[in-house]
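Please read them alongside the coordinates.

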Amino acid sequence: MKKSIVIYNSRGGNTKKVATSIAEGLGAEIVNSRKIPDLQDYDLIVLGTWIIAGQLSPRGKKFFSSLDSKVKGKKAVMFISSAGPNEQPKGGNPDDPLIKETVFEQMGEILTEKGLVIAKERLAIKGAFRFFRFGPGAFEKGHPTEEELNEAKDFGTSLKKLLK
Ligand SMILES: Cc1cc2nc3c(=O)[nH]c(=O)nc-3n(C[C@H](O)[C@H](O)[C@H](O)COP(=O)(O)O)c2cc1C
């Protein structure tokens, strides 16, 4: 049987929640990017991280860059969580591409270099954050919502077709 795995990197827990829902829908294993197993036996690898200052998070970059040659030729699906994935144009002009597209591009570049074959299916979900872990100020509080996590689960279910 074909196997799938969801690997995520998460500072505040949002990306982990999204990853968990995707894995539930897909029926995949799920691991933190610090504990990546031998990927030889997996056919589909779902990879997720988050956005910092309009860019791919440095830890996400490190995680994707650390993948070994065993991923060559396997299918990859990308997802991200960020404060405003579906709203933020890159340069403030409403016609500019959304920041998430830039980040997906950055992710895709590294993953393609690793030999992964990127699927067109991708997901971006909103996540609450604080600039400083214990400081004041909370943005996009309450996200990802239950509805957004259901969306992530449905997204996971929809990925089953990639395992056929
Ligand atoms: C220091 C910092 C900078 C951030 N910058 C952005 C940003 O430029 N654009 C954005 O959409 N979200 C930004 N975010 C929000 C995170 O991408 C969002 O909270 C994400 O869900 C965090 O995932 P995690 O909880 O898995 O770490 C930032 C968060 C932090 C902590």
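1. Phe131, Phe132 and Phe139 make a nonpolar surface patch of about 370 Å², where a patch joins nonpolar side chains (Val, Leu, Ile, Met, Phe, Trp, Tyr) within 5 Å, from residues with over 30% relative accessible area and no salt bridge. A salt bridge here is a side-chain nitrogen of Lys or Arg within 4 Å of a carboxyl oxygen of Asp or Glu, and areas are Shrake-Rupley values with a 1.4 Å probe.

2. This is a predicted model, in which local features need pLDDT of at least 70 and side-chain atom pairs pLDDT 80 or more, while totals for chains, interfaces and linings use all residues. Residues are numbered from 1 along each chain as its sequence is written, and side-chain values use heavy atoms, without hydrogens and water.

3. Phe132 lies in the loop between β6 (117–126) and α4 (146–158), helices (H or I, at least four residues) and strands (E, at least two) being DSSP runs numbered from the N terminus. Phe132 counts as exposed because its relative accessibility is 62%, the cut-offs being over 50% for exposed, under 20% for buried, and partly exposed in between.

4. In helix α2 (residues 58–65), the buried residues are Gly60, Phe63 and Phe64. They lie on the same side of α2, because their arc around the axis is only 95 degrees, taken from the directions from the helix axis to the C-beta atoms. Pro58, Arg59 and Lys62 are exposed on the other side of α2.

Note on methods. Patch = residues over 30% accessible without salt bridge, like charges linked within 9 Å, V, L, I, M, F, W, Y side chains within 5 Å. Buried < 20%, exposed > 50% of the residue type's maximum accessible area, 1.4 Å probe, protein only.
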